[in-house]
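User: I am new to this structure. Can you walk me through it in short steps?

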Amino acid sequence: QRARSEGRRSEMVEMIRGLKRKLSQNEYRNVEEDYRVASIRHDTTEMAVKDIDKYHSALDKALQRYHSIKIAEINTIIRDLWALTYKGEDISNIEIVSGQEAGSRSTRSYN
């Protein structure tokens, strides 16, 4: 029993020595500082992504609002010109419809 315990102890001591040697190698020498730098870089990148997403959303809403205002202005001009030029009775007015539904990001085009 005692010999077995001594054998385990010496194995553990040798394993500890090996791990300490490994930790003192150049690859692991500054591992805590490297982790700290990587963690800061990761957190900073996450915050930047969140900020960019907010700015994207605000810009997208502003573009949509501007687009609807301009479409309304164009439709007013078209309505006035239509009333002046078209004398028939079958078509009362024409207008541009953007065909863009609120919230459908995948089909949006800003061309």
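User: Which residues form a nonpolar patch on the surface, and what is their accessible area together?
Analyst: This is a predicted model. The nonpolar surface patch is made of Met 12, Met 15 and Leu 19. Met 12 sits in helix H1, which covers residues 2–23. Together the three patch residues have an accessible area of about 310 Å².

User: How many helices and strands are in the protein chain?
Analyst: Along the sequence, the pattern reads α-α-α. The count is three helices and zero strands.

User: Which element of the protein chain has the highest mean pLDDT?
Analyst: For the protein chain, the mean pLDDT is 88, and 88% of the residues reach 70 or more. Among the elements, helix H2 (residues 26–29) has the lowest mean, 82. The highest mean, 95, belongs to helix H3 (residues 31–85).

User: What percentage of the residues of the protein chain count as buried?
Analyst: The accessible surface of the chain is about 10300 Å². Carbon and sulfur atoms hold 57% of that surface. Of the 111 residues, the buried share is 5%.

User: Is Asn 75 buried or exposed?
Analyst: Asn 75 lies in helix H3. Its relative accessible area is 6%. Buried means under 20%, so Asn 75 counts as buried.

User: Which residues is Asn 75 in contact with, leaving aside its neighbours within four places in sequence?
Analyst: Asn 75 has its place in helix H3. With neighbours within four places in sequence left aside, its contacts are Glu 95 and Ile 96.

Note on methods:
Residues are numbered from 1 along each chain as its sequence is written. This is a predicted model: local features need pLDDT of at least 70, side-chain atom pairs count only at pLDDT 80 or more; totals for chains, interfaces and linings use all residues. Side-chain values use heavy atoms; hydrogens and water are left out. Patches are made of residues with over 30% relative accessible area and no salt bridge: like charges are joined within 9 Å, nonpolar side chains (Val, Leu, Ile, Met, Phe, Trp, Tyr) within 5 Å. Accessible areas come from the Shrake-Rupley method with a 1.4 Å probe; for residues, only the protein chains shown count as cover. A salt bridge is a side-chain nitrogen of Lys or Arg within 4 Å of a carboxyl oxygen of Asp or Glu. Helices (H or I, at least four residues) and strands (E, at least two) are DSSP runs, numbered from the N terminus. pLDDT is the predictor's confidence in each residue, from 0 to 100. Buried means under 20% relative accessible area, exposed over 50%, partly exposed in between (1.4 Å probe, protein chains only). Contact means heavy atoms within 4.5 Å.
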